[in-house]
Amino acid sequence: MQNVTLSVEGMSCGHCVNSVEGAVKTLGASAKVNLDSKAVAVEYDEAKTSVKAIKEVIEEAGYTVV
């Protein structure tokens, strides 16, 4: 398992947390959002997904990965 922390803008509430964590979960990865630091800690299996794919699903959910 690999870990990466992404800086994500546009998150401000519980709905945002659920949206981002749910989007990442569709890839078979797990995410923990920290609204205060605008960070998303992701644990994923390199055999199943990539950081690029994780960034894409977060952006498709309406947020900006910086």
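Predicted model: local features only at pLDDT ≥ 70, side-chain atom pairs only at ≥ 80, totals over all residues.

I find an open sheet of four strands, ordered β2-β3-β1-β4, with antiparallel pairing. At the edges sit β2 and β4 (64-65), each of which pairs on one side only.

**Pairings, one by one.** I then went along the sheet to see how each pair of strands is joined. Between β2 and β3 I find five bridges in the antiparallel sense, and valine 33 stands opposite valine 40 in β3. Next come β1 and β3, which run antiparallel and are joined by six bridges. Here threonine 5 has alanine 41 in β3 as its bridge partner. Last, β1 and β4 pair over two bridges, again in the antiparallel sense. I noted valine 65 in β4 as the bridge partner of valine 8.

**Helices on the sheet.** Which strands does each helix lie across? I see α1 across β2 and β3, running at about 160° to β2. For α2 the strands are β1, β3 and β4, and α2 runs at about 30° to β1.

The largest nonpolar core here has 17 residues, and Val8, Met11, Val40, Val42 and Ile58 have the most contacts inside it. Two or more residues each come from β1 (2-9), α1 (14-25), β2 (30-34), β3 (39-44) and α2 (51-60). The largest share, four residues, is from α1.

**Valine 42.** What does valine 42 touch, leaving aside its neighbours within four places in sequence? I find contacts with Gln2, Asn3 and Val4, with Val24, with Ala29, Ser30 and Ala31, and with Ile54.

I went back to α2 to sort its residues by burial. Ala53, Ile54, Val57 and Ile58 are buried in α2. Seen down the helix axis, the buried residues of α2 fall within an arc of 135°, so they line one face. Among what covers the buried residues of α2 are β1, α1, β3 and β4. On the face turned away from the buried side, α2 carries the exposed residues Lys52 and Glu60.

**Salt bridge.** How many salt bridges does the structure hold? I count one. Glutamate 56 forms a salt bridge with lysine 52, and their closest N and O atoms are 3.9 Å apart. That value falls within the 4 Å cut-off for a salt bridge. Why is this pair separated by about one helical turn? Because glutamate 56 and lysine 52 are four residues apart in helix α2. I also checked how open each partner is. Lysine 52 is exposed, with a relative accessible area of 61%, while glutamate 56 counts as partly exposed because its relative accessibility is 39%.

Key
Residues numbered from 1 in each chain as written. Heavy atoms only, no water. Core = buried A, V, L, I, M, F, W, Y, C linked by side-chain atoms within 4.5 Å. Buried < 20%, exposed > 50% of the residue type's maximum accessible area, 1.4 Å probe, protein only. Contact = heavy atoms within 4.5 Å. Pairing = 2+ DSSP bridges. Axes fitted to C-alpha atoms, helices over the stretch in contact; angles between N-to-C directions. Salt bridge = Lys/Arg side-chain N within 4 Å of Asp/Glu carboxyl O. Arc of directions from axis to C-beta.
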